[in-house]
Amino acid sequence: MTEEKGRATTAYAKLWPFGPDLLPRLLSAIVLIPLTAIALIAGWIPFALLIALVMAGAYREWEAMIIGRQSGWPAVFFMGMIAIAAVAHPMNGAWTSAIVFGVAIVLALFVKAPNRHWRIGGIVFFGFATVAFLAIRGSSAVGIWAGVFLVSVVWMTDIGAYFIGRIVGGTKLSPDVSPSKTWSGAAGGLCVGTLSGIAVWFVAGWVLDTPSPFAIGMLISVVVSISGQLGDLAESAVKRRFAVKDSGDIIPGHGGLMDRIDSLTSAGIVLWGIGLANRGLGAVPQGILFW
């Protein structure tokens with residue numbers, strides 16, 4: 001009976017290789033994509049409010065993961081600091097956010113807890129990601145396109161890796177860290193994400209009437225796609241370190257907020273660095289798209 005059930009499961013897997021989580025993933029995307037688009041278009045402050053909620057929620061999951069339980073007031077306090085830093089950015093500039101995060105890091109040094117260095121690392125990482133997202137959006141229409149570029153590359157990389165990896169299969173990418181990921185999925189995700197980035201690059205250049213070289217758009221798309229995949233692997237390694245399957249269960253098909261934004265955070269920090277290096281702190285969106 002067991003052998004027959006196993007054969008039936010194998011046959012089903014060959015006919016439908018995507019697993020039972022495909023439908024929840026699609027339903028989640030139907031909600032998340034319009035929400036992100038609305039926040040990007042609505043303006044810098046509405047976008048900052050969304051980032052405040054998302055990053056504070058993700059940090060809550062980080063605390064629960066590294067402490068092994070909900071840590072009470074420290075988690076709530078640092079969640080509040082992250083939210084304040086996010087909202088302060090469009091109102092008073094990146095330096096205000098940096099000061100808030102600096103104060104949070106100093107206070108975290110004096111709060112006793114298991115894995116305190118992981119807590120500090122989380123504050124630093126989510127701090128950089130928060131500033132990166134808000135700097136990429138900025139206050140101009142260019143920021144909308146920079147944001148669309150980021151989420152298009154990252155999410156299409158994720159989609160390409162999921163479908164191509166499931167269909168093609170093959171050698172595991174990093175079986176000790178994430179057993180389900182394959183080299184075929186990584187390569188497929190890179191191709192799909194890069195093509196998506198190039199498409200947005202051309203459309204943004206046409207709409208903003210500032211076309212930039214194809215080679216630069218392709219190179220940035222490749223770098224962002226790879227950064228997103230590395231961020232996904234890094235979060236998987238942290239979850240394995242703390243013996244956690246999902247960071248949470250708030251998003252059907254994806255787990256927690258961290259599971260949904262792991263690629264976006266790492267890719268966002270890298271893209272922020274590119275824009276910063278090209279045009280400086282006050283013109284990050286332009287530094288991403290204008291060359």
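## Helix H3 against helix H10

A crossing of two helices is called left-handed if the near helix is turned anticlockwise from the far one by less than a right angle, and right-handed if it is turned clockwise. In this predicted model, helix H3 passes helix H10 in a left-handed crossing. On the H3 side, the contact is made by Val54, Met55, Gly57, Ala58, Glu61, Trp62 and Met65. On the H10 side, Leu257, Met258, Ile261 and Thr265 take part.

Two packed helices are described by the angle between their axes and the distance between the axes. Helix H3 covers residues 44-67 and helix H10 covers residues 257-279. Their axes come within 9 Å and cross at roughly 110°. Angles of 65 to 115 degrees count as roughly perpendicular, so H3 is roughly perpendicular to H10.

## The protein as a whole

The protein has 11 helices and two strands. Read from the N terminus, the order of its elements is α-α-α-α-α-α-α-β-β-α-α-α-α.

Of the 291 residues in the protein, 47% are buried. The accessible surface is about 14,200 Å², and carbon and sulfur atoms account for 73% of it. Among contacts between residues at least 6 apart in sequence, 70% link residues at least 24 apart.

## Helix H7 against helix H10

Helix H10 also packs with helix H7, which spans residues 141-168. The axes of H7 and H10 come within 10 Å and cross at roughly 135°. The two helices are therefore oblique to each other. Their crossing is right-handed.

From H7, the residues that meet H10 are Ala146, Phe149, Leu150, Val151, Val154, Trp155 and Asp158. Their partners in H10 are Arg260, Ser263, Leu264, Ala267, Gly268 and Leu271.

Serine 174 lies in strand E1, which runs over residues 172-174. Leaving out residues up to four places away in sequence, serine 174 touches Pro179, Lys181 and Leu233. The C-alpha atom of serine 174 is 9.9 Å from that of alanine 237, although the two residues are 63 residues apart along the chain.

Threonine 182 belongs to strand E2, residues 178-182. The relative accessible area of threonine 182 is 5%, and the cut-off for buried is under 20%, so threonine 182 is buried. Beyond residues up to four places away in sequence, threonine 182 touches Gly165, Gly169, Gly170, Thr171, Lys172 and Leu173. A polar atom of the threonine 182 side chain lies 3.0 Å from the backbone nitrogen of glycine 185.

Glycine 189 is in helix H8, residues 183-208. Glycine 189 is buried, with a relative accessible area of 0%. Not counting residues up to four places away in sequence, glycine 189 touches Met156, Thr157, Gly160, Ala161, Ser225 and Gln229. Phenylalanine 163 is 26 residues from glycine 189 along the chain, and the C-alpha atoms of the two are separated by 8.7 Å.

Histidine 89 is found in helix H4, residues 73-92. Histidine 89 is buried too, with a relative accessible area of 5%. Apart from neighbours within four places in sequence, histidine 89 is in contact with Trp44, Ala94, Ser97, Val131, Leu134 and Ala135.

Terms used. Residues are numbered from 1 along each chain as its sequence is written. This is a predicted model: local features need pLDDT of at least 70, side-chain atom pairs count only at pLDDT 80 or more; totals for chains, interfaces and linings use all residues. Side-chain values use heavy atoms; hydrogens and water are left out. Helices (H or I, at least four residues) and strands (E, at least two) are DSSP runs, numbered from the N terminus. Buried means under 20% relative accessible area, exposed over 50%, partly exposed in between (1.4 Å probe, protein chains only). Contact means heavy atoms within 4.5 Å. Accessible areas come from the Shrake-Rupley method with a 1.4 Å probe; for residues, only the protein chains shown count as cover. A polar contact is a pair of N or O atoms within 3.5 Å; within protein, one must be able to donate a hydrogen and the other to accept it, and residues adjacent in sequence count only if both atoms are side-chain atoms. Axes are lines fitted to C-alpha atoms, for helices over the stretch in contact, and angles run from 0 to 180 degrees between N-to-C directions. Angles under 35 degrees count as roughly parallel, over 145 as roughly antiparallel, 65 to 115 as roughly perpendicular and the rest as oblique.
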